[in-house]
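Subject: Structure handover

Hi,

Please find the structure below. My notes come after it.

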Amino acid sequence: MKRATSLLFALALMGVLAGTAFAAASDTITVNYEVQAINELNIDDASVTLTVNSATAGAVPDQASDATTYDITTNCAADAKKITGALNTTMPGGLTLKANMTAPTGATSAGATTLTDVAANLVTLIDGVAEANIALAFTLDATIAAGVVGAASKTCTLTLTNT
Amino acid sequence: MKRVVSTLLALSLVGLLASTAFAAASDTITVNYEVEAINELNIDGASVTLTVSSATAGSAPDQASDATTYDITTNCAADAKKITGAINTTMPGGLTLQANMTAPTGGSSAGATTLTDVAANLVTLIDGVAESNIVLAFTLDATAAAGVVAAASKTCTLTIADS
């Protein structure tokens, strides 16, 4: 009789426990998350055109200028990134091509900077930022000695890189 | 003789009583019954994974999303229940975790709702219902300022509660 009572008690307890396990009014789920490094730079136009075609008598030819804009998104740490600029090949003698990038919030612009085939810093001390339509200006200066230069082009590469 | 008659009479009476006890044409039994409150919620997946890893230049990082499904059975009265959601601790700064539970028939979804360590209503006005494989979606948004966030996890608890 004692043995039967114990067995019944054990079965009842198992039933209660099973009922508890499968009768939840709530449940949980693990949400795994991560944010990876993001560094995106986009120049809004495909090209700019700089034509030197005037001068004041007695002075060097007038500077030509054109501008576009760029967009940037980076989730880097404070001051951790910069933007460099370089041309695919150097400019012909007597011609000086410069880029002047307005800095996104929190960063520093190098101002008008001569572009060559070696990367030059255009913006430094970039923080995490997401901004669009920031000014990117180009200028072309020509000396008299440069003479007439037929229409040509250079490819300028801007790169978001580590400081 | 008298003694024999008495004995026969006594036997006849016992027989009559016995036949009355076993020969009834109807009987009754009390059937006790009860349906207790049932509130069952099950999340079909053990985890979801949200990885923010891209952006369009100039815009905030792209939203990451993942989804699972849930099952619900409740025998509550009309509009008597709701489902709340909470995570074990709040998300780091710059990260927003949201849950969007499709409502079971008769319920009303709160849509994409930010999860914190305080329970938020995800579905309200739940009627008695038994449905499976209802969509449960999660999204993660990160600001650029949030920076790179190493892989981590939160435990999200969904609970059927009284409205």
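Here is what turned up on the sheet and on the contacts between the chains.

Ground rules first. This is a predicted model: local features need pLDDT of at least 70, side-chain atom pairs count only at pLDDT 80 or more, and totals for chains, interfaces and linings use all residues. Residues are numbered from 1 along each chain as its sequence is written, while chains are lettered from A and ligands numbered from 1 in the order in which they are written.

Two pairings (DSSP must find at least two bridges between the strands). S1 of chain A (residues 26–35) runs antiparallel to S10(B), joined by nine bridges. There, Asp27(A) has Leu158(B) as its bridge partner. S6(B) pairs with S8 of chain B (residues 120–126), also antiparallel, over two bridges. Ser108(B) is bridged to Thr124(B) in S8(B).

The interface. In chain B, 44 residues are in contact (C-beta atoms, placed from the backbone, within 7 Å) with 31 residues of chain A. On the chain B side, S1 (39–43), S2, S9 (129–142) and S10 (149–162) each give two or more residues. S10(B) has the largest share, twelve residues. By class, that side has 25 nonpolar, 17 polar and two charged residues. Nonpolar means Ala, Val, Leu, Ile, Met, Phe, Trp, Tyr, Cys and Pro; charged means Asp, Glu, Lys and Arg; the others, Gly among them, are polar.

Best wishes

Technical notes:
Helices (H or I, at least four residues) and strands (E, at least two) are DSSP runs, numbered from the N terminus. Two residues are in contact if their C-beta atoms, placed from the backbone, lie within 7 Å.
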